[in-house]
Amino acid sequence: MKRGIVYTGILALLAGGITSQAQATRLGIHGVFSNAGDVEDSQLGIGGQLELPVNPYMAVELAVTQVGDEIEDNGATLDQDLTSLGLSAVFRGPLGPQLEGYTLLGLNYNTFDVDTMDMDDAVGLHIGAGLNLAVAYNMELFGEYRYTFLDTDWESEISSAEGDYNYDFGVAKLGLNFLF
């Protein structure tokens, strides 16, 4: 399944590069704040993205985001790290001379590193919306909110407990894109 997602992403990126006309390619970095379901002490994360245009209003984005959090459970604190690799279709439209709005839809491949737990990697569906503000000819600031619907399985490394886990989460991103 991992291989299929990677191949699909590569094909989508190549198709976007071949058919691009009016939009610019975007390469950027972002900071992230997550609000995952059981998180007690969310910490800032970081990531990057590459967006290739398909036509004047649609692009394909490949984004990687890493977020660290703490979960409190029965007095114990668990550290967890989530790494999410997302492939999105991005739909853009102008809102003003320097402001652009967009929505996105896609899939995330998520890996987890949680103290005393073994969580399976899982694929989720995400939706989101954001704004870009041009600050120079080839640079823009952006803000985005993305919500991921995700279910995974877990198993305790200490006891024999295991189960399904609904790990839906949202991330707010602030970042900078360079346009080429």
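**Note on the structure**

1. The nonpolar surface patch draws its largest share, three residues, from strand β7. The patch as a whole consists of L95, L99, L131, L133, V135 and L141, and these residues together have about 500 Å² of accessible area. Please bear in mind throughout that the model is a predicted one.

2. L95 is located in the loop between β4 and β5. Is L95 buried or exposed? Its relative accessibility is 55%, and residues count as exposed when this value is over 50%; L95 is therefore classed as exposed.

3. β4 and β5 make a hairpin, with four residues between the two strands. Strand β4 covers residues 76-94 and strand β5 covers residues 99-114; the two run antiparallel and are joined by 15 bridges. As an example of this pairing, L82 has F112 in β5 as its bridge partner.

4. Strand β5 also pairs with β7. Strand β7 spans residues 122-136, and twelve bridges connect β5 with β7 in an antiparallel arrangement. Within this pairing, L99 stands opposite L133 of β7. Both L99 and L133 belong to the nonpolar patch described above.

5. For the overall plan, the protein has one helix and eleven strands. What order do these elements follow along the sequence? The pattern reads α-β-β-β-β-β-β-β-β-β-β-β. Of the 180 residues in the protein, 39% are buried.

6. Strand β1 has pairings with β2 and with β11. With strand β2, residues 44-55, β1 pairs in the antiparallel sense over eight bridges, and I29 stands opposite G48 of β2. With β11, β1 is joined by nine bridges, again with the strands antiparallel; here L27 stands opposite F178 of β11.

7. Strand β11, residues 169-179, includes F169. Why is F169 counted as buried? Its relative accessibility is 3%, and the class of buried residues takes in values under 20%, so F169 counts as buried. F169 and Y147 are 22 residues apart in sequence, while their C-alpha atoms are 5.8 Å apart in space.

8. The surface also carries a negative patch, formed by D118, D120, D151, D153, E155, E162 and D164. Which strands each supply at least two of its residues? They are β9, residues 151-156, and β10, residues 162-166. The largest share, three residues, comes from β9.

9. D151 is found in strand β9. With a relative accessible area of 56%, which lies over the 50% limit for exposed residues, D151 is therefore exposed.

Methods:
Residues are numbered from 1 along each chain as its sequence is written. This is a predicted model: local features need pLDDT of at least 70, side-chain atom pairs count only at pLDDT 80 or more; totals for chains, interfaces and linings use all residues. Side-chain values use heavy atoms; hydrogens and water are left out. Patches are made of residues with over 30% relative accessible area and no salt bridge: like charges are joined within 9 Å, nonpolar side chains (Val, Leu, Ile, Met, Phe, Trp, Tyr) within 5 Å. Accessible areas come from the Shrake-Rupley method with a 1.4 Å probe; for residues, only the protein chains shown count as cover. A salt bridge is a side-chain nitrogen of Lys or Arg within 4 Å of a carboxyl oxygen of Asp or Glu. Lys and Arg count as positive and Asp and Glu as negative; His and the chain ends are not counted. The place of a charge is taken as NZ of Lys, CZ of Arg, CG of Asp or CD of Glu. Buried means under 20% relative accessible area, exposed over 50%, partly exposed in between (1.4 Å probe, protein chains only). Two strands pair if DSSP finds at least two bridges between them.
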